[in-house]
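Student: Before I use this complex, I would like to go through the terms applied to it, one by one. Could we set each value against its definition?

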Amino acid sequence: MGRFIARRLILAVPTLLMISFVLFAILALAPGDPLSQFAANPAVPPEVRENIKRSLGLDQPWPIRYVKWVMAMLQGDWGFSFGSRIPVWDLLKLRLPNTLAVVGVAYLVSLIIALPIGIISALRQYSLMDHISTTLAFIGFSLPTFFTGLMMIVIFSVKLGWFPFIYDSTLKVSDLETLGQQLKQSIMPIAVLALFQTATVVRYTRASVLENLPLDYVRTARAKGLAQATVIGRHVVRNSLIPVVTLIALTAPTIFSGAVITEQIFRVPGIGALLINSIQNSDTPVVMAIAFTFSVLVVLFNLVADVVYGVLDPRIRYD
Amino acid sequence: MLKILYWQAPTILNSHLSQGTKDYDASRLVLEPMAASGPDGKPLPLLAAEVPTLDNGGVSKDLKTVTWKLKPGIKWSDGSDFTADDVVFTYQYMADKATAATDSNFVDGIDTVVAKDPLTVVVTWKDPNPNPYQFGVAGQSNIIQKKQFSEFMGAKAKDAPGNLKPIGTGPYKVSDFKPGDVVTYEINDQFRDKDKPFFKQVQLKGGGDATSAARAVFQTGDFDYGWNLQVEVQVLNQLMQGGKGELVTATSGNVERLLINFADPNAPGDQRSEPTTKHPFFTDLNVRKAFAMAVDRKSMAEQLYGPAGSATCNIVTAPTEMVSKNTDSMDVCKYDLAAANKLLDDAGWAKGSDGIRAKDGVKMSVIYQTTVNPLRQKEQDIVKKGWEQLGVQVELKSVDAGVFFSSDAGNPDTSGHFYTDVEMYTNGPEQPDVTNYLSGWLSTQIAQKSNEWRLNNYHRWSNADYDQMVNQLRTETDPAKRRDIAVKANDLLVSQVVVIPLIARASPISGKNKALQGNIPNPWDSELWNVADWTKTQ
């Protein structure tokens with residue numbers, strides 16, 4: 001197992017280098033530059049913009065900029081944001097808690113809801129409960145977050161006036177009252193994200209459990225006289241979770257990268273909002289940092305998924 | 001607490017390194033210039049005791065020296081004294097090329113800035129400057145503290161902690177700033193006016209989109225002030241029915257306009273749109289007139305802009321006293337398709353079997369470009385419809401704004417390259433003085449390959465009369481004569497159809513809660529320019 005992990009990690013290095021190169025190339029070759037905002041503003045003439053470009057090091061050809069970026073990255077220097085002139089890492093540190101509080105919580109919530117629902121609706125296939133959960137799952141699956149988000153704002157903020165739709169990141173949770181405020185302001189974005197994520201996981205879990213139920217080993221277990229709970233809990237669920245683990249492992253990195261649309265709609269100052277704003281402003285160091293960290297996480301979580309397979313399924317061995 | 005909503009989030013609070021309006025405005029609660037630019041374009045003293053003028057001797061007769069007297073007893077929010085040295089330092093900071101200040105053009109042409117005594121600053125220009133307020137007035141000349149920034153001039157500018165937490169003389173000071181998200185301010189207890197400001201705390205939240213910002217101000221009333229709420233007229237009207245807020249607007253000098261290309265965008269090779277070439281039909285005044293007369297700017301204003309702009313046939317739309325009253329009666333300013341068709345008939349452009357006019361084998365076909373923007377695409381449709389009724393073939397093109405406005409000499413799609421027949425965008429004077437703005441049509445300003453398309457005359461138009469007028473404007477000091485020249489220059493550009501003005505845009509186009517008082521819309525300075533006076537009735 002140790003050798004397997006080590007081999008995979010070594011293999012990841014060229015992969016990540018390749019990814020970073022492609023990312024950087026796309027950003028460098030895309031039209032627009034960090035100063036295009038100024039251009040729309042007649043107060044900033046071209047000479048001034050050229051001068052700013054020089055001061056940001058953007059007058060050099062992009063392959064050179066890429067090499068510099070890699071060198072700095074290897075030393076742990078993520079560069080500084082063109083927009084705020086502060087280290088990218090400081091900016092990420094400000095955003096990460098908000099993303100975890102909303103996207104992370106939504107992720108957990110959806111897993112907690114989805115796994116039992118998926119398992120139960122598979123066990124009681126075609127029951128009323130199965131029909132309801134399937135219908136809801138399809139709705140959650142097919143409604144885009146920008147639509148559910150806006151619907152919720154119109155209903156709960158504008159019409160009913162229950163929840164604020166502008167996230168206040170200055171709120172510090174110190175007592176029950178502020179905790180209540182925090183819940184009030186995060187409930188809508190969490191619900192929007194959880195709805196979508198839950199729907200996906202429910203579908204996967206249900207399908208996977210259904211696939212396992214008629215198999216021979218389940219019949220054997222039952223024939224041995226094992227209790228229903230043991231059959232389902234020890235055998236069926238454990239085997240059915242393999243595809244679900246893949247799904248979770250592959251989507252878990254999105255907790256870090258944030259939810260671009262939802263964060264934008266509810267003005268949650270998370271990583272997703274930072275990413276989209278940085279892309280719009282061609283704030284390359286920030287975009288690179290987020291996109292690259294995301295790729296590292298994807299590679300890592302793939303490895304984690306492979307390791308978890310081994311735990312779940314004794315037939316899978318890596319030695 | 002005063003709650004302000006900007007749908008673009010401030011990322012830096014040192015206005016000299018700002019990335020746009022959001023940063024200028026967010027810094028303005030803390031940093032101040034020597035004088036604000038008032039709603040009528042006239043300076044109002046802030047840190048200065050009085051505004052220097054020719055009459056009070058603050059501006060020298062040769063327009064080369066401007067002497068600013070500062071108010072005594074002003075303190076920075078850290079308790080130290082504000083002096084003339086801070087003003088001199090701010091100038092040096094902005095002028096240092098390595099600082100890469102985004103407002104460095106406001107110190108262009110300055111020879112020296114000297115502190116004569118702790119309360120007197122003398123600005124000397126290299127050449128006579130008809131605009132003595134280029135430096136010192138409005139947010140681009142915000143004064144920063146020497147003590148805080150002296151170690152961070154030039155290349156080290158980016159390392160200054162003060163960029164995120166500047167010490168200022170303004171009514172509020174920063175208590176917390178999360179770049180790209182929210183700024184929290186509290187009262188600056190050192191502020192010179194002991195009775196102001198009126199809010200204990202101010203929160204400036206950023207991010208999101210204009211529509212939901214309008215919703216938060218007009219419908220739910222969650223925020224007291226919302227910046228730049230230009231959304232579709234129908235949507236805006238519907239949101240305003242929420243009844244919680246009202247619009248804050250003023251006519252600005254920014255004009256949405258069509259630019260006519262006098263050079264040939266289809267010339268072969270590197271001759272494209274070079275001033276040595278001639279446009280196949282736009283060199284004929286009657287053709288240009290016909291194009292101008294087929295533009296329905298009124299529908300455009302009513303259907304697309306609403307409160308955000310009004311139809312105009314002037315290229316100078318503010319300050320009020322500089323605006324020409326002659327253009328309304330000009331034939332080129334009237335929407336008259338019949339007359340326009342007749343002009344083209346008379347000029348010998350006959351309609352072919354396909355309905356497109358042609359003359360001597362040249363088809364009257366134009367490419368018309370602007371930026372990618374839903375509003376602009378609708379404007380394009382209105383203009384296209386008018387021109388098609390003249391028998392002109394119109395091909396629309398839209399370019400990403402980042403490319404269109406970029407200074408990239410290698411990109412053929414920039415507004416400066418102007419490789420099309422007509423293009424459309426908004427521009428205006430950056431200060432109430434229009435000299436620099438009108439200089440953009442000088443024949444010495446023609447954008448072309450040899451200057452990497454960096455100059456401002458994108459039309460490739462040259463006219464000796466116009467050149468003479470603007471050069472006269474550079475040295476004239478008498479206000480009445482200056483006004484006359486500006487009006488004449490405006491009228492010449494319009495009557496010669498160098499440019500077809502469309503919409504005088506409003507600025508600001510913001511929204512405020514009905515209970516918020518003291519806000520005065522001002523197109524010439526940050527819209528938060530008098531935030532010290534804002535109050536809220538319960």
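Student: How do you know how the axes of helix 10 and helix 14 of chain A lie, that is, within what distance do they come and at what angle do they cross?

Tutor: The model is predicted, so that local features need a pLDDT of at least 70, side-chain atom pairs count only at pLDDT 80 or more, and totals for chains, interfaces and linings use all residues. Residues are numbered from 1 along each chain as its sequence is written, while chains are lettered from A and ligands numbered from 1 in the order in which they are written. The axes of helix 10 (residues 228-251) and helix 14 (residues 284-312) of chain A come within 9 Å and cross at roughly 170°, where axes are lines fitted to C-alpha atoms, for helices over the stretch in contact, and angles run from 0 to 180 degrees between N-to-C directions.

Student: Why are helix 10 and helix 14 of chain A called roughly antiparallel?

Tutor: Angles under 35 degrees count as roughly parallel, over 145 as roughly antiparallel, 65 to 115 as roughly perpendicular and the rest as oblique. The crossing angle is roughly 170°, and the two helices of chain A are therefore roughly antiparallel to each other.

Student: Which residues make that contact, and how do they divide into nonpolar, polar and charged?

Tutor: Helix 10 of chain A contributes R238(A), L241(A), I242(A), V245(A), T246(A), A249(A) and L250(A), and helix 14 of chain A contributes F301(A), N302(A), V304(A), A305(A), V308(A), Y309(A) and L312(A); two residues are in contact if their C-beta atoms, placed from the backbone, lie within 7 Å. They divide into 11 nonpolar, two polar and one charged, given that Ala, Val, Leu, Ile, Met, Phe, Trp, Tyr, Cys and Pro count as nonpolar, Asp, Glu, Lys and Arg as charged, and the others, Gly among them, as polar.

Student: How many helices and strands does chain A have?

Tutor: Chain A has 14 helices and zero strands, with helices (H or I, at least four residues) and strands (E, at least two) taken as DSSP runs numbered from the N terminus.

Student: What are the domains of chain A, and what separates their centres?

Tutor: The domain assignment gives domain 1 (2-74) and domain 2 (88-312) of chain A, the bounds coming from an automatic or database domain assignment. Their centres, taken over C-alpha atoms, are separated by 31 Å. The contact takes 15 residues from domain 1 and 12 residues from domain 2 of chain A, and helix 1 (residues 2-29) of chain A gives the most to the domain 1 side, with 10 residues. That side of domain 1 divides into nine nonpolar, four polar and two charged residues.

Student: What makes the radius of gyration of chain B agree with that of a compact globule?

Tutor: The globule rule is 2.2 Å times the number of residues to the power 0.38, with the radius taken over C-alpha atoms. For 538 residues a compact globule would have a radius of gyration near 24 Å, and chain B, with 25 Å, agrees. The C-alpha trace of chain B spans about 80 × 55 × 40 Å along its principal axes.

Student: Where is the cis peptide bond to P197(B), and what is its omega?

Tutor: The bond from K196(B) to P197(B) is cis, with omega near -10°, and P197(B) is found in the loop between strand 8 and strand 9 of chain B. The bond from S507(B) to P508(B) is also cis, with omega near -5°, and P508(B) has its place in strand 19 (residues 499-513) of chain B.
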